[in-house]
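Q: I have a structure to look at with you. Could we go through a few of its residues one at a time?

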Amino acid sequence: PSGHFSEELQDGIGSGTHRCVACPAGTSQASGASLACDPCSKGEYQDEEAKSSCKRCEKGRYQGQEGQSQCLQCPPGTTTLGFGSNDLSDCGCNEHTINVAPNETAFQCIPCSEG
């Protein structure tokens, strides 16, 4: 079934006996007729075993590595514009605030002045 892969067992005779194994967290398998699970792409995660697809990181979270079981939270006071972000640089100050930090890797979000 989907969310699983076929693992060959070595029985000493050389004949390939296979068993169905659940894909671990951080991976998925759509077909179930594969010899391996696929790692989740950047911007995605899978926190459960035996799943046919990965989930996109929610708004306010990102993941820059493949095969992960969770996404990372943007720094306090920041968020992403949408789903599936894959880098800390995708995080920006929340609505109605502006970043006054001296560089792009730091966040110092303050309220915008009216006008």
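Q: Is Gln63 buried or exposed?
A: This is a predicted model. In it, Gln63 has a relative accessibility of 4%, so it counts as buried, the limit being under 20%.

Q: Where in the chain is Gln63 found?
A: Gln63 belongs to the loop between strand S7 (61-62) and strand S8 (72-73).

Q: What lies 2.8 Å from a polar atom of its side chain, the side chain of Gln63?
A: That is the backbone oxygen of Gln70.

Q: Which residues is Gln63 in contact with, leaving aside neighbours within four places in sequence?
A: Among them are Lys42, Gly43, Glu44, Cys57, Cys71 and Leu72. Gln70 is also one of these contacts.

Q: New topic: which strand holds His4?
A: His4 lies in strand S1, which covers residues 4-9.

Q: Why does His4 count as buried?
A: Its relative accessibility is 18%, and buried means under 20%, so His4 qualifies.

Q: What does the side chain of His4 reach?
A: It reaches the backbone oxygen of Ser2, at 3.2 Å. Beyond neighbours within four places in sequence, the contacts of His4 include Cys20, Val21, Gln29 and Ala50.

Q: And the surface: which residues form a nonpolar patch there?
A: Ile98, Val100 and Ile110 form the patch, and together they have about 230 Å² of accessible area.

Q: Where is Ile110, then?
A: Ile110 is in strand S12, residues 109-111. With a relative accessible area of 36%, Ile110 is partly exposed, because that value falls between the 20% limit for buried and the 50% limit for exposed.

Conventions: Residues are numbered from 1 along each chain as its sequence is written. This is a predicted model: local features need pLDDT of at least 70, side-chain atom pairs count only at pLDDT 80 or more; totals for chains, interfaces and linings use all residues. Side-chain values use heavy atoms; hydrogens and water are left out. Patches are made of residues with over 30% relative accessible area and no salt bridge: like charges are joined within 9 Å, nonpolar side chains (Val, Leu, Ile, Met, Phe, Trp, Tyr) within 5 Å. Accessible areas come from the Shrake-Rupley method with a 1.4 Å probe; for residues, only the protein chains shown count as cover. A salt bridge is a side-chain nitrogen of Lys or Arg within 4 Å of a carboxyl oxygen of Asp or Glu. Helices (H or I, at least four residues) and strands (E, at least two) are DSSP runs, numbered from the N terminus. Buried means under 20% relative accessible area, exposed over 50%, partly exposed in between (1.4 Å probe, protein chains only). A polar contact is a pair of N or O atoms within 3.5 Å; within protein, one must be able to donate a hydrogen and the other to accept it, and residues adjacent in sequence count only if both atoms are side-chain atoms. Contact means heavy atoms within 4.5 Å.
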